[in-house]
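Subject: Structure for your files

Hello,

Here is the structure we talked about, with the sequence alongside. My notes on it follow below.

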Amino acid sequence: MIDFNIVEFKKDSAVFVAGENSKDVFYIIKEGTIIDKNYVIENTNFEFTRGEIIGIVPAILSEPYYSTAIAATNAVLIEIHIKDIYAIEDTKIIESIYKHLIKFMEIWLGKYFYKLAETLNIGSYKENNAFEIAEIYEKNGLKSTALYMYKKIIEMFPNNDHSEVNNKILSIERDVKIESPLQISNNLFEYKAGSCIFSELESNTELYVIRDGKVGVYSVFDGRLITRIIFPSGNIIGYKPILGNKFLLTTCIVLEDTVLQIVNKEDFLKLASTNTKLQYHLVNIMARRIYNTVIKSYSISIKSRVGKFYNIIYSFTKTALLFDKNADFLELPYTANDICAMVGIENTDYIKSEMNKTKIILFSREGKIIIPNVQNFFNEYNMYMKRNSTPNIVE
């Protein structure tokens, strides 16, 4: 049995402050209202009331707070130490933690794409139709995914004239065929490299655990293909957006032969609530994913192109260390083009030239980003950010 602390905050007092190193605790509101003032995107405040959670993401990751939480009324909070998360027996609290993390992952994805549209001077977002989206994947060399999408269009709109779509299918099938995943066991499947697991044309409702392999997550944004994130083994993909925001829909593509376990959300939640090892893994992954999206949103606001780039590399390096804490050398699954597209940098050659001067970040023959010495990179990153910016969410 965990003995939770009960803490009280007077009206207008701060629970935590943006930029400060996080404590190893988070809070569930028992009484009162807390306003979370966010400085990543100006004038973004969240109001939290009874039963809601604050401060959990920075606490899990030991990262600085990216917002300031102020008591809007006298408030009583339940204080929970991070180390005690995995000993909680109350399934309602466990479910509240997962729902909070999923909700804010989706909220921050929406905010990130809003900032990206702003920095790219997109006055009004152009929503591509299904055929245009499939064409964009085809033009970017992802023919298997385009073929999957063209066939999906026929399923989605059976009464439409599909002459143009059928021509596309016939053209691609001369070179590419979709291989159905090989069923290994009841819910375990092997997907071949290039396979599309699901696309942004559909709203996925299942979860996929990457048992072995690598999966890329992409979206078409105003006619451009954006690399959202690349997941190695151990990650979990697939969740249905709760905001009705089309920016949140994603296309997942297998980048190498990959084994996936497919589970529905209800079964997964039951498993996660009873398996301590899985709880630890899932909570850390979800928290890091939220923080990465916060970092991307913040990076867009940084004026220096090098600063934007460093910030994203920092975030993805931290993600890689979730799976190998002692790694000194890292090859990230991203190219400079991938990173630049995430934060609206249009001159990739300039970034590569600047990085080549430092030797802190290198590029493989395939263009992948290499961190030859992780600690040296962190040292350089911290010095650069101190010299060139006054961020709220990084040291």
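To start with a detail: which side chain does the side chain of Ser219 join in a polar contact? That partner is Arg228, with a contact of 2.5 Å between the two side chains. Please keep in mind that this is a predicted model, and that the distance was computed from it.

Ser219 belongs to strand E12. Its relative accessible area is 3%, so Ser219 counts as buried. Leu249 is 30 residues away from Ser219 in sequence, yet the two C-alpha atoms are 7.2 Å apart in space.

The overall picture

The protein chain has 395 residues, and 54% of them are buried. Its secondary structure consists of 11 helices and 18 strands. Of the contacts between residues at least 6 apart in sequence, 74% join residues at least 24 apart.

Helix H3

After the helix comes Gly141, which has a positive phi near 85°.

Helices H8 and H10

H8 (residues 305-323) and H10 (residues 348-358) have axes that come within 10 Å and cross at roughly 70°. H8 is therefore roughly perpendicular to H10. On the H8 side, the contact is made by Arg305, Val306, Phe309 and Tyr310. H10 contributes Tyr350, Ile351, Glu354, Met355 and Thr358. By type, the residues of this contact are six nonpolar, one polar and two charged.

H8 itself has 19 residues, and 14 of them are buried, which leaves the helix mostly covered. From first C-alpha to last, H8 reaches 29 Å, close to the expected 27 Å. Where H8 starts, a side-chain oxygen of Ser304 comes to within 3.3 Å of the backbone nitrogen of Val306.

A buried asparagine

Asn284 is in helix H7 (residues 276-301). Its relative accessibility is 9%, and anything under 20% counts as buried, so Asn284 is a buried residue. Leaving aside residues up to four places away in sequence, Asn284 touches Ile60, Leu61, Tyr86 and Leu322.

Two positive phi values

Most residues other than glycine have a negative phi. Ser62 has a positive one, about 55°, and is not a glycine. Ser62 sits in the loop between helix H1 (56-61) and strand E7 (67-71), and at 61% relative accessibility it counts as exposed.

Lys359 is another such residue, with a positive phi near 65°. Its place is the loop between H10 and strand E17 (362-363). Is Lys359 buried or exposed? With a relative accessible area of 55%, Lys359 is exposed.

Regards

How values were computed. Residues numbered from 1 in each chain as written. Predicted model: local features only at pLDDT ≥ 70, side-chain atom pairs only at ≥ 80, totals over all residues. Heavy atoms only, no water. Axes fitted to C-alpha atoms, helices over the stretch in contact; angles between N-to-C directions. Helix = DSSP H or I, 4+ residues; strand = E, 2+ residues; numbered from the N terminus. Parallel < 35°, antiparallel > 145°, perpendicular 65-115°, else oblique. Contact = heavy atoms within 4.5 Å. Nonpolar A, V, L, I, M, F, W, Y, C, P; charged D, E, K, R; others polar. Expected span 1.5 Å × (residues − 1). Buried < 20%, exposed > 50% of the residue type's maximum accessible area, 1.4 Å probe, protein only. Polar contact = N/O pair within 3.5 Å; in protein donor to acceptor, adjacent residues only side chain to side chain.
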